[in-house]
Amino acid sequence: MLEILYQDEYLIAINKPSGLLVHKSFYARDAKVYAVQELRNQIGGQHVYPIHRLDRKTSGVLLFALDKESLKIMNDRFATREVEKKYLAILRGWAPEELTIEYDLTNDDGIKQNAITYFHRLQTAEIELEYNHHPTSRYCLVEAIPETGRMHQLRKHFRHIFHPILGSRPHGCNKQNKLWLENFRLKAMMLHAHRLSFNHPITNEPLEINAKVNSEFARVSDILGLDIKDFQ
């Protein structure tokens, strides 16, 4: 059963689990279950139209329209950057306290696209986990706000500044991922879309939809001693 965060006659939002595809994809032909079909079945067969996308391994707020007019309005608002998306991520190392990353990304068609991400660091952690001849490993919790919406933007941007997202594959640190798999059985990626803010497509009233972190994000935070009570 999907967790429904918001629903009216025009929109519905869920807290997408990590590992669930939004819809059928050429890149994940092994998948048999999709958010679109699961949500449609859950609400009695009503058509749902995904307004935006989240990676398969990313959890958090996922917004759907229930009619094509609302879909068009919201698509336009995403395109004109009238929707604010906030993510939580656990990164390797201690990233700067705040930074705007402006680094162009190349899409699958070989076209270079402008990409901008702002983030600020919330907390730091250091645990006794030997890595690269160091007796400890450092990590940090950040809140990231992508101004553009390129494929795998956050994964690629954090790798670009040498602070990859823990558990990210292929845009992560293979050595750290292996370390966490062997020591903590971690297979998930530590990226969660925790808030979506926008004006309602019909009433134009401001809406803020929040999604609690999943149990695996909470478990990793506990291992690191991070305080995430505000996101649970």
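## Helix α1 and its packing

The buried residues of α1 pack against β1 (3-7), β2 (11-16), β3 (49-50) and β4 (59-65). Contact here means heavy atoms within 4.5 Å. Helices (H or I, at least four residues) and strands (E, at least two) are DSSP runs, numbered from the N terminus.

This is a predicted model: local features need pLDDT of at least 70, side-chain atom pairs count only at pLDDT 80 or more, and totals for chains, interfaces and linings use all residues. Residues are numbered from 1 along each chain as its sequence is written, and side-chain values use heavy atoms, without hydrogens and water.

Helix α1 spans residues 35-42, and Ala35, Val36 and Leu39 are buried in it (under 20% relative accessible area, 1.4 Å probe, protein chains only). Seen down the axis of α1, its buried residues fall within an arc of 100°, so they line one face of the helix. The arc is that of the directions from the helix axis to the C-beta atoms. Just after α1, Gly44 has a positive phi of about 85°.

## The whole chain

The chain holds 5 helices and 12 strands. Of its 232 residues, 50% count as buried. The C-alpha atoms fill a box of roughly 55 × 35 × 35 Å along the principal axes.

Among contacts between residues at least 6 apart in sequence, 63% join residues at least 24 apart.
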